[in-house]
Amino acid sequence: MTKKRLTIGAGRSMAAIGILHTAVFLPHPYWGEWLTGGLRSGEGGDAPLSMFWALPGGFVVPLVLFGLLVARLGQRGERPPAYVGWTLGGWAAGCALLIGPSGFLLGFIPAGLLIAEDLLARRGAGRGVTGPVAGRKEDARAQR
């Protein structure tokens, strides 16, 4: 089993982006309002609500978990399907176009690594050198 370095790097970078996002937005004054039920009661303003969706209610936790899952696939010698990298890159591009230069540009790092891993695997497939895509029966049969 050969580890997929680019897939591992993509997963680790996704986890790091999520953790850094949390670290940057963690120190703010709205935690008290959230914990006392300000969001549920509707008494909070737009700023606490926006910050909630930027931090605990946003993409941070799923991004970290997804990054760890992708890194684990790479450790096992597997890679996610090609559409994962392309979709992640498209999402980052769309968000960057809507909001301007921001942390969304960091999304191109894991997207590029996943796309590069897929392109390298496709190039190697013609020479009989390929890595399995997680969950694909065709790849499991090809290895036998």
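Author: S13 sits in helix 1, which covers residues 5–25, and the model in which we see it is a predicted one. With a relative accessible area of 15%, S13 falls under the 20% limit and therefore counts as buried. A polar atom of the S13 side chain lies 2.8 Å from the backbone oxygen of A10. Once the neighbours within four places in sequence are set aside, the residues in contact with S13 are I109 and P110.

Those contacts lead on to helix 7, made of residues 108–125, where D118 is found. D118 forms a salt bridge with R79, and the closest N and O atoms of this pair are 2.8 Å apart. Because R79 belongs to the loop between helix 5 and helix 6 while D118 belongs to helix 7, the pair ties together parts that are 39 residues apart in sequence. Both D118 and R79 are buried; for D118 the relative accessibility is 6%, which is under the 20% limit and so places this residue in the buried class.

Taken together, R79, D118 and R122 are linked in a network of salt bridges. As a general point, side chains of opposite charge can pair when their charged atoms come close.

The structure holds three salt bridges, and one of them joins the side chains of E78 and R76, at 3.6 Å from N to O. E78 is buried, because its relative accessible area of 17% is under the 20% limit, whereas R76, at 44% relative accessibility, counts as partly exposed.

V61, L65 and L68 make a nonpolar surface patch of about 300 Å², and L68 has its place in helix 5, which covers residues 60–75.

To set these details within the whole, the secondary structure of the protein comes to eight helices and zero strands, so that reading along the sequence gives the pattern α-α-α-α-α-α-α-α. The protein has 144 residues, of which 36% count as buried, and S13, with its 15% relative accessible area, is one of the buried residues. Among contacts between residues at least 6 apart in sequence, 70% join residues that are at least 24 apart. The protein exposes about 9,000 Å², and carbon and sulfur atoms supply 66% of that area.

A word on confidence belongs here, given that the model is predicted. The mean pLDDT of the protein is 86, and 86% of its residues reach 70 or more. Confidence is highest in helix 6, at a mean of 96, and lowest in helix 8, residues 137–143, where the mean is 54.

Technical notes
Residues are numbered from 1 along each chain as its sequence is written. This is a predicted model: local features need pLDDT of at least 70, side-chain atom pairs count only at pLDDT 80 or more; totals for chains, interfaces and linings use all residues. Side-chain values use heavy atoms; hydrogens and water are left out. Patches are made of residues with over 30% relative accessible area and no salt bridge: like charges are joined within 9 Å, nonpolar side chains (Val, Leu, Ile, Met, Phe, Trp, Tyr) within 5 Å. Accessible areas come from the Shrake-Rupley method with a 1.4 Å probe; for residues, only the protein chains shown count as cover. A salt bridge is a side-chain nitrogen of Lys or Arg within 4 Å of a carboxyl oxygen of Asp or Glu. Helices (H or I, at least four residues) and strands (E, at least two) are DSSP runs, numbered from the N terminus. Buried means under 20% relative accessible area, exposed over 50%, partly exposed in between (1.4 Å probe, protein chains only). A polar contact is a pair of N or O atoms within 3.5 Å; within protein, one must be able to donate a hydrogen and the other to accept it, and residues adjacent in sequence count only if both atoms are side-chain atoms. Contact means heavy atoms within 4.5 Å. pLDDT is the predictor's confidence in each residue, from 0 to 100.
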